[in-house]
Amino acid sequence: MEGERISAAIIVAAGQGKRMGGKTRKQFLMLEGKEILAHTVDRFEDFSKIKEIVLVIGRDDIERVKAMVRKYGWKKISAVVCGGKERQDSVKCGLKALSLASEVVLIHDGVRPFVTEEMINCSIDAAQNFDGCVLGVPAKDTIKICDKDGMVLETPDRSTVWHIQTPQTFSRDLIEKAYEKAEKDGFFGTDDASVVEYYGAKIKVIHGSYQNIKITTREDILMGACFLEEERK
C-alpha cells in the first residue's frame, strides 16, 4: 500500500519469571516442543506488515537467544540487546536498537505467544488514527479496589474495566519522546501506554482476545497447549 509506514516489533523477554517458579525462566520453558519465546517470535516473523524485530533479553541469555535465531532461521531480527533493571528500561534499550527506517513500533511481551495477524494489523491501523493503541478485553469478573490490608475501597463499574494486553502500538516519534520525558521526570509506568499517557497523549483500546494470554503460571502453560491443539485442528 502506497504511503504505508514501516512497522517494527520490540519483543521484551528480559524478565526473571519468578511467579512461574523453577530454575528455567518462563520465556525458555517448552510449550509443545518449542520455547515460549520462539512461539512468540514466530508470529511476528510470519506477519507481513512487520519488517523488523528487536529482541530485548536478559544479559545472561544473549548468546542463548542468538543461537535460537540461527536455529529457527528468523530473518527479521535486526538486533538482540540486553535489557535493563525494569521493563521500562528494557523497552528504552529496544527503542535505541531500532533501525532508522522503522516508523511504527509495536511493543510486545515475549511470553504472549498467541497474538494473531488480525490483532497486529488492527493495531497498526489504529496507531495511525490515534496517539497510540493497546489491545484489551473487557473484564469478566467484578473488580475490587482494596487497601494494603485487603479492605475494599471501591468497586468500579465493570463495564468500564478492561484487561490490557500487548502489543501496544505507537508512532516511533511519540513513544521515543514519551520515554525521554519519563526518564527526565523519573516516572515509571505500569505499561508502555501509561508512559505515553503521562506524556499527555490519548490511547485507544481495541479488542484483543481472551486467548492472547501472557504465560505467567504453570496453569497458563496447560492453557497454551490447549490453544495450540485447537489451532492445529
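**Aromatic pairs**

I searched the whole structure, a predicted model, for aromatic pairs and got 4. I looked at Tyr-72 and Trp-74 to begin with. Their ring centres are 5.2 Å apart and the planes stand at 25°. Planes under 30 degrees apart count as stacked, so I logged this pair as stacked. Tyr-72 is partly exposed, at 24% relative accessible area. Trp-74 is buried, at 6%.

I went on to Phe-114 and Phe-227. Here the centres lie 5.3 Å apart and the planes make 85°. The cut-off for edge-to-face is over 60 degrees, so this pair is edge-to-face. Which parts does the pair tie together? Phe-114 sits in the loop between S6 and H4, and Phe-227 sits in helix H7, residues 218-232. The pair therefore links parts that are 113 residues apart in sequence. I found both Phe-114 and Phe-227 buried.

**The sheet**

Next I traced the strand order. An open sheet of 7 strands reads S5-S4-S1-S6-S10-S7-S11, with mixed pairing. Which strands stand at the edges? They are S5 (77-82) and S11 (203-207). Each has a single partner strand, so one side of each is left without a neighbour in the sheet.

S4, residues 50-57, runs parallel to S5, and 5 bridges join them. Ile-57 faces Cys-82 of S5 across this pairing.

Then I looked at what packs on the sheet. Helix H6, residues 192-199, touches S6, S7 (132-138), S10 and S11. Its direction makes about 65° with that of S10. Helix H5, residues 172-185, lies across S6 (104-109) and S10 (162-171). H5 runs at about 110° to S10.

**Strand S7**

I gave S7 its own entry. How many of its residues are buried? I counted 6 of 7, so I wrote the strand down as mostly covered. On one pairing, S7 runs antiparallel to S10 over 6 bridges. Gly-136 has Ile-164 of S10 as its bridge partner. S7 also pairs with S11, in the parallel sense, over 5 bridges. There Val-134 stands opposite Val-205 of S11.

**Nonpolar cores**

I then listed the largest nonpolar core, which has 29 residues. Which members touch the most others? They are Leu-37, Ile-50 and Leu-55. The elements giving two or more residues to this core are S1 (7-13), H1 (36-46), S4, H2 (62-72), S5, H4 (117-127) and S7.

I looked up the contacts of Ile-50, leaving out residues up to four places away in sequence. Ile-50 touches Ser-7, Ala-9, Phe-44, Lys-76, Leu-106, Ile-120 and Ile-124.

Another core, of 23 residues, lies apart from the largest one. Val-54, Val-81, Val-134 and Leu-174 are among its members.

**Cysteines**

I searched the whole structure for disulfides and found 0. How far from Cys-93 is the nearest cysteine sulfur? That sulfur belongs to Cys-82 and is 6.8 Å away. A disulfide needs the sulfurs within 2.5 Å, and Cys-93 is in none. Cys-82 is the residue I noted opposite Ile-57. Cys-93 comes out at 27% and counts as partly exposed. Cys-226 comes out at 53%. Exposed means over 50%, so Cys-226 counts as exposed.

Most residues other than glycine have a negative phi, and most peptide bonds are trans. I looked for departures from this. The bond from Thr-166 to Pro-167 is cis, with omega near 10°. Pro-167 has its place in strand S10.

Glu-32 is not a glycine, yet its phi is positive, about 55°. Where does Glu-32 lie? I placed Glu-32 in the loop between S2 (30-31) and S3 (34-35). Its relative accessibility is 46%, so Glu-32 counts as partly exposed.

Key. Residues are numbered from 1 along each chain as its sequence is written. This is a predicted model: local features need pLDDT of at least 70, side-chain atom pairs count only at pLDDT 80 or more; totals for chains, interfaces and linings use all residues. Side-chain values use heavy atoms; hydrogens and water are left out. Two strands pair if DSSP finds at least two bridges between them. Helices (H or I, at least four residues) and strands (E, at least two) are DSSP runs, numbered from the N terminus. Contact means heavy atoms within 4.5 Å. Axes are lines fitted to C-alpha atoms, for helices over the stretch in contact, and angles run from 0 to 180 degrees between N-to-C directions. A nonpolar core is a set of buried Ala, Val, Leu, Ile, Met, Phe, Trp, Tyr and Cys residues joined through side-chain atoms within 4.5 Å. Buried means under 20% relative accessible area, exposed over 50%, partly exposed in between (1.4 Å probe, protein chains only). Rings of Phe, Tyr and Trp (its six-membered ring) pair if their centres lie within 6.5 Å; planes under 30 degrees apart count as stacked, over 60 as edge-to-face and the rest as tilted.
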